[in-house]
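The sequence and structure come first.

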Amino acid sequence: MEQTVDYGRLMELRNRKNRFTRKLGISLTALSSGYAKVEKTVEEDDLNPLGRPHGGLYFTMADNAAGSAMAARGYMAVTMNASYSFLRSADLGDRLTAEAREIKAGRTVCVYSVEIRNQKDLLLGTGTFTFFQLEEKIQF
């Protein structure tokens with residue numbers, strides 16, 4: 001049920017309309033059918049009391065990447081289920097990349113795997129995100 005999508009316009013729309021990720025400095029930098037990549041540099045405001053990036057930062061990046069890959073189908077969607085495994089921690093100043101790939105494309109339910117890596121390509125965490133596709137097409 002995928003429609004023809006202008007990925008460049010959709011990427012611009014998602015970066016502009018998602019105020020939460022904009023506030024965190026997370027940017028959608030690549031988008032295609034079944035794939036999305038978001039990036040962010042770890043700043044002091046991202047750190048928890050232990051001086052490490054807050055777990056919510058990783059989860060938000062993973063959810064945003066998976067949600068963007070889902071949006072590439074051209075329809076609105078909501079997250080049904082999500083899990084994220086924290087494997088390693090990043091450091092202040094690290095450049096994080098979250099890449100989402102579609103692993104199951106159903107009529108209304110789609111599943112995406114996500115990996116977050118640093119600039120040295122070290123795997124920091126993985127996640128699985130399940131979305132329910134709504135009937136409403138994304139409007140530009």
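## Salt bridges

The model contains eight salt bridges, a salt bridge being a side-chain nitrogen of Lys or Arg within 4 Å of a carboxyl oxygen of Asp or Glu. The model is a predicted one, in which local features need pLDDT of at least 70, side-chain atom pairs count only at pLDDT 80 or more, and totals for chains, interfaces and linings use all residues. Residues are numbered from 1 along each chain as its sequence is written, and side-chain values use heavy atoms, with hydrogens and water left out.

One of the salt bridges joins the side chains of D91 and R52, with an N to O distance of 2.8 Å. D91 belongs to the loop between β3 and β4 and R52 to the loop between β2 and α3, so this pair ties together parts that are 39 residues apart in sequence. Helices (H or I, at least four residues) and strands (E, at least two) are DSSP runs, numbered from the N terminus. D91 is partly exposed at 37% relative accessibility, and R52 is partly exposed at 30%. On this scale, buried means under 20% relative accessible area, exposed over 50%, and partly exposed in between, with a 1.4 Å probe and protein chains only.

## A network around R117

R117 takes part in two of these pairings. The closest N and O atoms of E115 and R117 are 3.1 Å apart in their salt bridge, while those of R117 and D121 are 3.7 Å apart. Through shared partners, E115, R117 and D121 are joined into one network. E115 has a relative accessible area of 34% and is partly exposed; R117, at 22%, is partly exposed too.

D121 sits in the loop between β5 and β6. Its phi is positive, about 65°, although D121 is not a glycine. Most residues other than glycine have a negative phi.

## The nonpolar core

The largest nonpolar core has 32 residues, of which M61, L96 and I116 touch the most other members. Such a core is a set of buried Ala, Val, Leu, Ile, Met, Phe, Trp, Tyr and Cys residues joined through side-chain atoms within 4.5 Å. At least two core residues come from each of α1 (7-17), β1 (27-32), β2 (35-41), α3 (55-71), β4 (95-105), β5 (109-117) and β6 (123-137). Helix α3 supplies the largest share, nine residues.

Contact here means heavy atoms within 4.5 Å. Neighbours within four places in sequence aside, the contacts of L96 include V38, V42, L57, Y58, M61, A90, I116 and L124. L96 also contacts E39, K40, R117 and N118.

T60 lies in helix α3 and counts as buried at 15% relative accessibility. A polar atom of the T60 side chain is 2.7 Å from the backbone oxygen of G56. Residues up to four places away in sequence not counted, T60 touches F20, T21, L24 and I26.

S68 is found in helix α3 as well, and is buried with a relative accessible area of 0%. Beyond its neighbours within four places in sequence, S68 is in contact with R14, L28, L31 and A36.

## Partly exposed strand residues

R101, in strand β4, counts as partly exposed at 40% relative accessibility. Not counting residues up to four places away in sequence, R101 touches G34, Y35, V111, Y112 and S113.

A82 lies in strand β3, residues 75-86, and is partly exposed at 29% relative accessibility. With residues up to four places away in sequence left out, A82 touches F59, T128 and F129. A82 and K17 are 65 residues apart along the chain, and their C-alpha atoms are separated by 22 Å.

## A nonpolar surface patch

V78, M80 and F132 make a nonpolar surface patch of about 250 Å². Patches are made of residues with over 30% relative accessible area and no salt bridge, like charges being joined within 9 Å and nonpolar side chains (Val, Leu, Ile, Met, Phe, Trp, Tyr) within 5 Å. Accessible areas come from the Shrake-Rupley method with a 1.4 Å probe, and for residues only the protein chains shown count as cover. F132 is in strand β6 and is partly exposed at 33% relative accessibility.

Terms used:
Polar contact = N/O pair within 3.5 Å; in protein donor to acceptor, adjacent residues only side chain to side chain.
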